[in-house]
Amino acid sequence: MATLPNPLPTLASDPSGRTLGLRLPPGRLIDTTDSGTWHEPLLWWAQQPASAGNWAALGGPAARAGLLPVLVEVTGTHGGPDEWELAPRLASYPGDHDAEEVLAEHWEEREPEDVTDGTDWPGLAPAPTLTVDPAVAAARLADALCDGSRPWIQEPRLALVPARRSADVPAAVGWCGPIDHDNDVARLCAVLRSWEDRFHIRVVALGFAVLTVSVAAPPTTLDDAEALAAEHYAFCPDNFADRSLRDYAKDLVGERAWTFWWD
């Protein structure tokens, strides 16, 4: 994984983050990986549960300091990121991969005829019109996820990750949620980058094997949503549970949050 200067070590001597222009609540740095201690912190997370307004209050100042926000689950069966067996050593650089090539490869590997009637890879879905500021969409979703109503993120904590763009967050921490689907999460981050460009998504939440993104430009027609559903299938076939592309696509029309889980 190609890296940029990591501001997180500063928090070891300045937990308040004031030298970075931040006002942080009590938190901790995580450098635990599947192969031992990483040479620098991978993320910082707050020790108190996230609440509405936290994302908007901290996200802007953190981004100016070179850190991007993401909500993380800490109370599930697999615990928090310090117990997730993060593997940054396995992550390459998202910019080294072509999103469509990654999707087409997974489309062919997964033999999707049960879902797609055996059609060939249909290509990338068109980019819809942007209808809301992506930062606003991300903050709204983050606030909604703080209410504890989602079974996979009962007590989200706000985390900060050194990354240039939101799509790179999973690779930056060496997240291994999709490892049985693709053992280099940077390849899937390349897809997230493409969705960031076309649908203005932002990575908002991570669980052990669950990813939720906000969507500022969702598809507005069923045909466009069906084209996007093909990308979702290649990205995360476990989402489908034998649903057809068209049936799955109905839920994508106008939808401002996409959640993916890998079994």
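Entry 1. I looked up Phe-240 to begin with, and Phe-240 counts as buried because its relative accessibility is 0%. I note here that the model is predicted. I then turned to Tyr-248, which is buried with a relative accessible area of 7%.

Entry 2. I looked up the aromatic pairs and recorded a count of 12. I began with Trp-195 and Phe-235, whose pair is tilted, with 4.7 Å from centre to centre and 55° between the planes. I found Trp-195 in helix α7 (residues 185-198) and Phe-235 in helix α8 (residues 222-235), so this pair ties together parts that are 40 residues apart in sequence. I noted that both Trp-195 and Phe-235 are buried. I next examined Phe-240 and Tyr-248, which form a stacked pair with 4.0 Å centre to centre and 15° between the planes.

Entry 3. I asked which residues the ring pairs link into a cluster. I listed Trp-175, Trp-195, Phe-199, Phe-235, Trp-258, Phe-260 and Trp-262 as its members.

Entry 4. I turned to the nonpolar cores. In soluble globular proteins, nonpolar side chains tend to be buried together. I recorded 56 residues in the largest nonpolar core. I found that Leu-192, Trp-195, Leu-211, Phe-235, Trp-258 and Phe-260 touch the most other members of this core. I then followed the contacts of Phe-260, leaving aside residues up to four places away in sequence. I saw that Phe-260 touches residues including Trp-195, Leu-211, Phe-235 and Tyr-248. I also listed Ala-209, Val-210, His-232, Cys-236 and Asn-239 among the residues that Phe-260 touches. I noted a second, separate core of 25 residues, which includes Ala-50, Leu-141, Trp-152 and Ile-153.

Entry 5. I looked up helix α2 (residues 54-64) and asked which of its residues are buried. I recorded Trp-55, Leu-58, Gly-59 and Ala-62 as the buried residues of α2. I noted that they cover an arc of only 115° around the axis, which means that they lie on the same side of α2. I asked what covers these buried residues of α2. I found that the cover includes the elements β4 (43-46), β5 (68-72), α5 (134-145), β6 (157-161) and β7 (201-206).

Entry 6. I then examined the face of α2 turned away from its buried side, and there I found the exposed residues Ala-56, Ala-57 and Arg-64.

Conventions:
Residues numbered from 1 in each chain as written. Predicted model: local features only at pLDDT ≥ 70, side-chain atom pairs only at ≥ 80, totals over all residues. Heavy atoms only, no water. Buried < 20%, exposed > 50% of the residue type's maximum accessible area, 1.4 Å probe, protein only. Helix = DSSP H or I, 4+ residues; strand = E, 2+ residues; numbered from the N terminus. Arc of directions from axis to C-beta. Contact = heavy atoms within 4.5 Å. Phe/Tyr/Trp six-rings, centres within 6.5 Å; stacked < 30°, edge-to-face > 60°. Core = buried A, V, L, I, M, F, W, Y, C linked by side-chain atoms within 4.5 Å.
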